[in-house]
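Please have the sequence and the structure open while reading.

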Amino acid sequence: MPNQSFTFETMKSVCIIRHAKSSWEEPDLPDVVRPLNKRGKKASQQLGKYLAQLHEKPDLIISSPATRAYHTAVNVAQILGYRLKNISINPVIYFEGEQGIINMLRGLEDKHDTVFIFGHEPTLSDVIHSLCDESVPKFPTAAVFKINLDMTSWKDIYEARGKKALFTVPKQIRE
């Protein structure tokens, strides 16, 4: 039998996840500290179970510093068996918009193949459009959009064209 050599190139992927529903019980709270409401807690847990059924496993979870985004990330991470202490909180997601997030991704270590980002609208829709030319007319709370990027290094994110691998909204995964 001839000696065959196989090369497996690693594709990068990013799951873009909007935080679950937040509470408005205390309207005077600063936006960054608004917590999840009851519906948001349930939706984030359902999302985690759904991603587990699909065998989605993040190598890295990055969350906005906003309480509602972080708690959505925590609920999903717990279900997926991701160590909570490894969740990275990055203010770029909350404060710096689409280009800030793409630059953040560009700076990631290449050991991370699958990255989950927990953030906010309308920035997340802008990131999706930038990375894969998809328009998401409505990206509701607790929705997930996964993009597969044909690249082996995050440094190549500006040249890579992404392809939609998954787009799911909460209505599609309710128990």
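How many of the 14 residues of α2 are buried? The count is 10 of the 14, so α2 is largely enclosed by the rest of the structure. The model is predicted.

**Helix α2**
- Helix α2 covers residues 67-80, and at 1.5 Å a residue its 14 residues should span 20 Å. Its end C-alpha atoms lie 20 Å apart, which agrees.
- Its buried residues include Thr67, Arg68, Ala69, Asn75 and Leu80. Thr72, Ala73, Val74, Val76 and Ala77 are also among them.
- These buried residues pack against strands β1 (12-18), β2 (60-63) and β4 (114-119), and against helices α1 (38-53) and α3 (92-95).
- Gly81 follows α2 and has a positive phi, near 75 degrees.

**Aromatic pairs**
- Three aromatic pairs are found in the structure.
- One of them is the stacked pair of Phe139 and Phe167, with 6.0 Å centre to centre and 25 degrees between the planes. This pair links distant parts of the chain, 28 residues apart: Phe139 is in the loop between α5 (123-132) and β5 (144-149), and Phe167 is in strand β6 (residues 162-168).
- Phe139 is buried, at 3% relative accessible area, whereas Phe167 is partly exposed, at 28%.
- The ring centres of Phe145 and Phe167 are 5.4 Å apart and their planes are at 45 degrees, so this pair is tilted. Phe145 in strand β5 and Phe167 in strand β6 are 22 residues apart, and the pair again links distant parts of the chain.
- Phe145 is buried, with a relative accessible area of 1%.
- Through ring pairs, Phe139, Phe145 and Phe167 are linked into a cluster.

Conventions: Residues numbered from 1 in each chain as written. Predicted model: local features only at pLDDT ≥ 70, side-chain atom pairs only at ≥ 80, totals over all residues. Heavy atoms only, no water. Helix = DSSP H or I, 4+ residues; strand = E, 2+ residues; numbered from the N terminus. Expected span 1.5 Å × (residues − 1). Buried < 20%, exposed > 50% of the residue type's maximum accessible area, 1.4 Å probe, protein only. Contact = heavy atoms within 4.5 Å. Phe/Tyr/Trp six-rings, centres within 6.5 Å; stacked < 30°, edge-to-face > 60°.
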